[in-house]
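Let's walk through this structure together, one contact at a time. Keep the sequence and the model side by side as you read.

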Amino acid sequence: MLFRSVSQSRYHFQITPMNFPIIISVICILLLILLRFSAFDSTGSMSCKNFLGNNLLFITFAISVIVLFYSLQYQFTNPLTSFFVDRKNTLQRILISILFLIILLVLTFLMYSSQSRLLCFFFWILILFVFSLLLFPIFQSLQLNQNLLLTISIQLILLFSFFTFLGFTSPNLFNRTKIFPILLGILILLILSHLLSFFLLVTDKKESFLTVRRVLAIIGVALFSLFIWFDAGSLELTKKYCTSKNVNYMKSSFQLILDIVNLFINLFNAQN
């Protein structure tokens with residue numbers, strides 16, 4: 001993603017597309033080591049100790065894995081760009097996106113229905129890989145506009161930090177039973193609106209499409225910020241029921257990972 005030169009008085013280190021996967025791999029390994037000592041007990045079973053912190057560690061690890069998958073895909077830029085970013089075939093792009101969304105739904109179902117933590121982790125990694133494929137065109141654009149990348153990254157960190165903190169400290173700020181159907185209804189309407197907006201692109205009404213997409217993206221930013229509060233609050237409310245038998249950080253952190261990915265996409269669409 002972000003390749004730049006870092007210079008100091010005695011050495012010159014350059015982050016390039018070739019060594020970036022190695023750097024992210026080291027980060028992922030360090031996070032895995034940290035997770036081993038934080039989220040697992042001496043017997044190798046998941047521990048409920050530091051439940052909220054471990055979920056945040058899994059989220060950080062998931063984001064690092066998505067970036068790692070992208071950096072590896074970067075080595076195959078030409079075929080992937082022609083496959084995902086070719087704007088000459090809008091219908092193909094729509095069908096590919098729908099296909100990957102179906103794959104995500106299937107993998108998510110398999111992950112949640114899996115009783116084996118190892119198998120659950122396998123599906124979890126596959127989901128992160130599909131996320132990296134879906135985000136590939138956005139990463140490509142941001143790599144060419146690093147100021148936009150910095151802006152979106154700061155906004156994402158600030159929004160996630162604020163609404164996660166709000167969820168942990170005030171999980172019942174709003175009536176959760178009443179607000180969840182409202183958020184879900186807005187999400188369904190937002191998805192349908194996005195699908196309908198593609199007809200503007202198919203009919204070559206590009207300016208109208210971009211305007212509609214920005215409006216929908218702004219609504220999406222507000223919606224997924226509230227989802228972050230809701231899902232962070234769910235973690236806070238359920239941590240007291242955590243036991244070594246039912247704890248599964250891949251499942252418990254997944255909703256927030258999904259919120260972050262969607263928030264990132266909407267921040268990009270709102271500004272690009």
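This is a predicted model: local features need pLDDT of at least 70, side-chain atom pairs count only at pLDDT 80 or more; totals for chains, interfaces and linings use all residues.

Residues are numbered from 1 along each chain as its sequence is written, and side-chain values use heavy atoms, with hydrogens and water left out.

Now for the overall layout. The protein has ten helices and two strands, and along the sequence they follow the pattern β-β-α-α-α-α-α-α-α-α-α-α. Helices (H or I, at least four residues) and strands (E, at least two) are DSSP runs, numbered from the N terminus. Of the 272 residues, 42% are buried; here buried means under 20% relative accessible area, exposed means over 50%, and partly exposed lies in between, with a 1.4 Å probe and protein chains only.

Back to H5, which covers residues 117-134. Its 18 residues reach 26 Å from the first C-alpha to the last, close to the 26 Å expected at 1.5 Å a residue. The expected span of a helix is 1.5 Å times one less than its number of residues. Several residues of H5 are buried, among them Phe123, Trp124, Ile127 and Phe131. Cys120 counts as buried too, at 0% relative accessibility. Ser132, also in helix H5, is buried with a relative accessible area of 0%. Follow Ser132 across to Ile63: the two are 69 residues apart in sequence, yet 9.5 Å apart in space, C-alpha to C-alpha.

Helix H2 comes next. The end C-alpha atoms of H2 are 33 Å apart, which agrees with the 33 Å that its 23 residues should span at 1.5 Å a residue. H2 is mostly covered, with 18 of its 23 residues buried.

What about the aromatic rings? A pair of aromatic rings is described by the distance of the centres and the angle of the planes. Rings of Phe, Tyr and Trp (its six-membered ring) pair if their centres lie within 6.5 Å; planes under 30 degrees apart count as stacked, over 60 as edge-to-face and the rest as tilted. The whole structure holds 16 aromatic pairs. In one of them, the rings of Phe61 and Trp124 have centres 6.0 Å apart and planes at 15°, so the pair is stacked. This pair links distant parts of the chain, since Phe61 is in helix H2 and Trp124 in helix H5, 63 residues apart. Both Phe61 and Trp124 are buried. An edge-to-face pair is formed by Phe174 and Trp229, at 5.4 Å centre to centre and 80° between the planes. Phe174 lies in the loop between helix H7 (146-169) and helix H8 (176-202) and Trp229 in helix H9, so this pair ties together parts that are 55 residues apart in sequence. Phe174 is partly exposed, with a relative accessible area of 41%, whereas Trp229 counts as buried at 1%. Returning to Phe61 and Trp124, they belong to one aromatic cluster with Phe51, Phe58, Phe121 and Tyr249.

Trp229 has another neighbour to look at. The charged end of Arg176 sits over the ring of Trp229, 5.6 Å from its centre, and also over the ring of Phe230, 4.1 Å from its centre. A charge sits over a ring if NZ of Lys or CZ of Arg is within 6 Å of the ring centre and within 35 degrees of the ring normal.

Finally, which residues does the disulfide join? It joins Cys48 to Cys242, with 1.9 Å from S to S; a disulfide is a pair of cysteine sulfur atoms within 2.5 Å. Cys48 lies in the loop between helix H1 (20-39) and helix H2 (51-73) and Cys242 in the loop between helix H9 (206-238) and helix H10 (249-271), so the pair ties together parts that are 194 residues apart in sequence. The link is left-handed, with -85° about the S-S bond.
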